[in-house]
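Visitor: Please show me the sequence and the model, and then let us go through some of the contacts together.

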Amino acid sequence: HQLLKEKIVPVLYVHSWEFTEIRSKYIPWYFKKNTGKNFVKKIEKLVQDFNPENFSTIKNVFRSSFQQ
């Protein structure tokens with residue numbers, strides 16, 4: 001919330017594989033940590049915490065910054 005107060009647009013970048021449970025023994029634990037259900041719960045909490053702040057795509061952020 002502090003970033004928003006200072007008019008700094010936070011950027012949230014996630015990987016599609018973070019939404020699934022990773023069970024491969026060939027992938028290090030730090031890639032698998034907090035994936036799947038844990039990740040979805042954390043994203044849901046983040047969205048709830050920032051509601052009613054406006055979420056947008058990076059495309060819209062750039063578009064609006066150039067229109068000013």
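**A salt bridge and a threonine**

Guide: Lys45 forms a salt bridge with Asp49, their closest N and O atoms lying 2.9 Å apart; a salt bridge here is a side-chain nitrogen of Lys or Arg within 4 Å of a carboxyl oxygen of Asp or Glu. This is a predicted model, in which local features need pLDDT of at least 70 and side-chain atom pairs count only at pLDDT 80 or more, while totals for chains, interfaces and linings use all residues. Residues are numbered from 1 along each chain as its sequence is written, and side-chain values use heavy atoms, with hydrogens and water left out.

Visitor: By about how much of the helix are Lys45 and Asp49 separated?

Guide: Both residues belong to helix H3, helices being DSSP runs of H or I with at least four residues, numbered from the N terminus. Because Lys45 and Asp49 are four residues apart there, their separation is about one helical turn.

Visitor: Is Thr35 buried or exposed?

Guide: Thr35 lies in the loop between helix H2 (29–32) and helix H3 (37–50). The classes rest on relative accessible area, with buried under 20%, exposed over 50% and partly exposed in between, using a 1.4 Å probe and protein chains only. With a relative accessible area of 4%, Thr35 is buried.

Visitor: Which residues does Phe50 touch, not counting those up to four places away in sequence?

Guide: Phe50 is found in helix H3. Taking contact as heavy atoms within 4.5 Å, and leaving out residues up to four places away in sequence, Phe50 touches His1, Leu4 and Phe55.

Technical notes: Helices (H or I, at least four residues) and strands (E, at least two) are DSSP runs, numbered from the N terminus.
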